[in-house]
Amino acid sequence: MSASSQDEADESGRRRAPLSRELACAARAIEALVAGRSLPAALDQSIELEAAREPLPIASHAAIRDLAYRSCRQLGLVREVAQLLNARPPAPAPAALQWVALAQLVDALRADPVVVDQAVDAARSLPGGAAIAGFLNATLRRFVREREALLETARRKPQARWNHPDWWIDRVRRAWPDDWQRVIEAGNGTAPMTLRTNRLRTTPGEYLSRLRSEGLAARLLGDQAIALEAAVPVEALPGWAQGLVSVQDAAAQLAAPLLAPEDGERILDACSAPGGKATHLLELADVELTALDVDEARLHSVRANFERLGFGAGAGVVHGVSPRAARPPTVVAGDAARPADWWDGRPFDRVLLDAPCTASGIVRRHPDVRWLRRRSDLATLSRRQSEILAALWSVLRPGGKLLYATCSVFPEEGESVVARFLANESRATRLPLQWRFGGCTPEPISTLLPVATPTRDHDGFFFALLEKRP
Ligand SMILES: C[S@@+](CC[C@H](N)C(=O)[O-])C[C@H]1O[C@@H](n2cnc3c(N)ncnc32)[C@H](O)[C@@H]1O
């Protein structure tokens, strides 16, 4: 009987597949990531394949995700260590298995012999299994013997020291000479599950008490966000189905208040899916909202969020309260850069452009992004952002305001886009933005670098508010 056909139990007594199977499954996802696939998609596919081959206990799904995410966060280091260990580069599948095993050994998360033996076992299921098993056995054992020296040598390379691609480190260092290490380190951390309360139904203080009374430890971040001590499935959040709360990073929660919608205004959220900021706008004022997105499939989540929060066509009936039932928002599929395809010609009072970007500010939530992006993406995305911004300017009424936002810390996607726009658009004025974080005095806002302290914990973002002079 092969090792993979015997299940084991974890510390909580839940049935688990042998570690060898979990390592092999995580490695397949990492191999796909390195070939350019997003890690969530790669994991879904690898787990599905594994489960189709032989039943896979549910507890192993989470364990495989943990293995893969840890490997992704340590990929710069383990690739460098592997180069030191290997006489020549292995094929993609054994290479990925070696990285996943090394990511476990680097932090000594399990007993070394267990990881080595199980990785060697996993190698046997790959084509050319015996040779690969021998190669892994030799290299992983050498790593265990020479761990400190190998890690020290590997960490002399920036990519291994910081677990980000060299071009990314260079770019952040040039943009933020005083803060670059903090920015990169924030990307290597993990983010809390952060909540936004629906102010039509509750307040942050009231909801915090409710969380605590239900045994969910949490803290307030400033005046509106709540960070949970440990993530939970959304269905476990009190009042989730009734629309009391949404999951949204604390920096993303600034977009809607910075645009400052007012009752009766006509507002466009031009890149709206999955609707985090669109629903916030609806919570803040009784507005006529159009939620646009180029990706029709992603608009389903916008509609679902409208429904859950009580802004759908059936609002009031579903939840018994009808906050904004008079004006259900409109959901439109279209390219923001081509208003002729979707605009009815009635100008908007305010526009939110939460533009597609590298996502360099949210690496802690999406650790695969750093390995998927290429340096050339910066110029391509910056051009695209400029095109969309210029196009949306035409749908804004004179005197109206547009908030340009990206979840990026690269100036090419923030300040450069806005500077180029202002140079070409004589009727545009950039208005100052500020925010009061916690009990402190208001701070000017443009690029927000990612921060993780007990009282202030948010992703990296860029905001610029532009007014169209009449
Ligand atoms: C950063 S996400 C938006 C997140 C959203 N604002 C929220 O708060 O939930 C960017 C979105 O822009 C959309 N997008 C990309 N290019 C677009 C375009 N040319 N026109 C409209 N939407 C676009 C993507 O499909 C994606 O849903």
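**Reading the model together**

Mentor: Let's start with threonine 279, which is found in helix H14. Helices are DSSP runs of H or I with at least four residues, strands are E runs of at least two, and both are numbered from the N terminus. Before we go on, this is a predicted model: local features need pLDDT of at least 70, side-chain atom pairs count only at pLDDT 80 or more, and totals for chains, interfaces and linings use all residues. Residues are numbered from 1 along each chain as its sequence is written, and side-chain values use heavy atoms, with hydrogens and water left out.

Trainee: Is threonine 279 buried or exposed?

Mentor: Buried means under 20% relative accessible area, exposed means over 50%, and partly exposed is in between (1.4 Å probe, protein chains only). Threonine 279 has 1% relative accessibility, so it counts as buried.

Trainee: And which residues is threonine 279 in contact with, leaving aside its neighbours within four places in sequence?

Mentor: Contact means heavy atoms within 4.5 Å. For threonine 279, that gives Arg196, Asn305, Phe306, Leu309 and Phe311, with neighbours within four places in sequence left aside.

Trainee: Where is phenylalanine 462 found?

Mentor: Look at strand E18, residues 461–468, and you'll find phenylalanine 462 there. Its relative accessible area is 1%, so phenylalanine 462 is buried. Not counting residues up to four places away in sequence, phenylalanine 462 touches several residues, including Tyr404, Val418 and Arg430.

Trainee: Now the ligand. How many residues surround it?

Mentor: A residue is near a molecule if one of its heavy atoms lies within 4 Å of it. Here 19 residues surround the ligand, and the closest are Asp293, Arg298, Asp335, Ala336 and Asp354. Helix H14 (276–284) and helix H17 (375–393) each supply at least two residues of that shell.

Trainee: How many disulfides does the count come to?

Mentor: A disulfide is a covalent bond between the sulfur atoms of two cysteines. The rule used is a pair of cysteine sulfur atoms within 2.5 Å, and by it the count comes to 0. Cysteine 72 is in no disulfide, with the nearest cysteine sulfur, that of cysteine 25, 15 Å away. Cysteine 271 is in none either, and the nearest cysteine sulfur there, that of cysteine 357, is 10 Å away.

Trainee: Last one: what does the side chain of glutamine 118 do?

Mentor: Glutamine 118 is found in helix H6, residues 112–123. A polar atom of its side chain lies 2.8 Å from the backbone nitrogen of serine 20.

Methods: Polar contact = N/O pair within 3.5 Å; in protein donor to acceptor, adjacent residues only side chain to side chain.
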